[in-house]
Amino acid sequence: MADLTVHAAQDAGREEAFQARVDREERVEPKDWMPDGYRKTLVRQISQHAHSEVVGMLPEGNWVTRAPSLRRKAVLLAKIQDEAGHALYLYSAAETLGASRDEMVEALHDGRAKYSSIFNYPTLTWADIGAIGWLVDGAAIVNQVSLCRCSYGPYARAMERICKEESFHQRQGYEIMTVLAQGTAEQKKMAQEALNRWWQPALMMFGPHDSDSVHGSRNMAWKIKRKSNDHLRQQFIDMTVPQAEYLGLAIPDPDLKWNEERGSYDFGPIDWGEFERVLKGGGPVGRERIRARRKAWDDGAWVREAAMAHAEKRRARKMQAAAE
């Protein structure tokens, strides 16, 4: 009993010193001591972020062969390639916390791990590709810029590069929407319909209201997150509404209006029931997304096996050379 008391006191002292270090804005690195809760929270958040990048390639991949020009095809391919790279950075960051990449992928495939609910919606027209770049990547930038100051070093450093590339993605999407909005009546209608489909899901990307957030206060105290869900959502709305006005498109929210006193836009309620349903894979194409990921993983097994065999042969040759 005495030993348990001593260990508890030691852990409490370590956690207090850890929090003091975080409060001093010192970065936490992989070999540093950290509370189990901090480690688990980071693995959950970083792996979900990585999964979102992987699944996020699927709705855009449907349009590679149907892009309206060779230039659009090349840009879309570059964007999808970037997203694959983002996933690799993030899985690598999670591995520094002791997580296994195979276990993270397995958790995604069997439904234990989540990814952003927005990728469970289909891309019905070319305008949806523009809306994803403008709204989804725009929301991602708002959320991820603050993550560049995350207290965990590998995650923060990965986010610095990811944010630079996400800014290109957002501009690509907004350019598509600009061309459509300034085109024919039919093209402008297509852009408006895409905005109507993606507006609410984009707002849901920031997560539940602060009062309903399970992890929010602890993440803020540990400086994993720097700004609350509601703050980031409001920042996104205030940034995006003027952009829609420039395009001549209407935000699909009858309650949206400028609040002079707050210096921000008031907006209508969000359908959180829809959010929970889609987050659990109940979106229009949720099951299809996971089936596609499982198939890609199974089809790529021979590549992974060949790469591991090649690496093993190189290791053996180096050991043999060293012995000689």
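Predicted model: local features only at pLDDT ≥ 70, side-chain atom pairs only at ≥ 80, totals over all residues.
Which hand does the crossing of α6 and α8 have, left-handed or right-handed?

Residues are numbered from 1 along each chain as its sequence is written, and side-chain values use heavy atoms, with hydrogens and water left out.

First, the overview. The protein has 13 helices and 2 strands. Helices (H or I, at least four residues) and strands (E, at least two) are DSSP runs, numbered from the N terminus. The C-alpha trace spans about 70 × 55 × 30 Å along its principal axes. There are 324 residues, and 45% of them count as buried. Buried means under 20% relative accessible area, exposed means over 50%, and partly exposed is in between, with a 1.4 Å probe and protein chains only. Now contacts, meaning heavy atoms within 4.5 Å. Take those with a separation of 6 or more: 77% of them join residues 24 or more positions apart.

Back to the opening question. The crossing of α6 and α8 is right-handed. A crossing is left-handed if the near helix is turned anticlockwise from the far one by less than a right angle, and right-handed if clockwise. Two packed helices are described by the angle between their axes and the distance between the axes. For α6 and α8, the axes come within 9 Å and cross at roughly 35°. Axes here are lines fitted to C-alpha atoms, for helices over the stretch in contact, and angles run from 0 to 180 degrees between N-to-C directions. Who meets whom? On the α6 side, look for A127, D128, A131, I132, W134, L135, V136 and A139. On the α8 side, look for M190, A191, A194, L195, R197, W198, W199 and A202. By class, that contact has 14 nonpolar, no polar and 2 charged residues. Ala, Val, Leu, Ile, Met, Phe, Trp, Tyr, Cys and Pro count as nonpolar; Asp, Glu, Lys and Arg as charged; the others, Gly among them, as polar.

Next pair: helix α7 (residues 153–181) and helix α8 (residues 185–204). Their axes come within 7 Å and cross at roughly 140°. α7 and α8 are therefore oblique to each other. The cut-offs: under 35 degrees is roughly parallel, over 145 roughly antiparallel, 65 to 115 roughly perpendicular, and the rest oblique. M177, L180 and A181 of α7 make the contact with Q187, K188 and A191 of α8. The classes are 4 nonpolar, 1 polar and 1 charged.

The contact of α4 with α7 has 13 nonpolar, 3 polar and 9 charged residues.

Stay on α7 for E175. E175 is partly exposed, at 31% relative accessible area. Not counting residues up to four places away in sequence, E175 touches R71 and R72. S217 is 42 residues along the chain from E175, and their C-alpha atoms are separated by 37 Å.

Now the interior. A nonpolar core is a set of buried Ala, Val, Leu, Ile, Met, Phe, Trp, Tyr and Cys residues joined through side-chain atoms within 4.5 Å. The largest has 80 residues, and those with the most contacts inside it are Y38, L42, Y152, Y155 and F236. Helix α6 (residues 126–147) gives the largest share, 11 residues.

Follow Y155. Beyond four places in sequence, Y155 touches L42, Q45, I46, H49, L90, A93, L147 and C150. H49 sits in helix α2 (residues 36–55). H49 is buried, at 11%. Leaving out neighbours within four places, H49 is in contact with L90, Q144, Y155 and M159. That takes us to Q144, in α6. Q144 is buried too, at 6%. Among the residues that Q144 touches are E53, I162 and E166.

Last stop: backbone angles. Most residues other than glycine have a negative phi, and most peptide bonds are trans. E25 has a positive phi, near 70°. E25 lies in the loop between α1 (2–23) and α2, and is partly exposed at 43%. K223 also has a positive phi, about 60°. K223 lies in the loop between α9 (216–221) and α10 (229–247). At 17% relative accessibility, K223 counts as buried.
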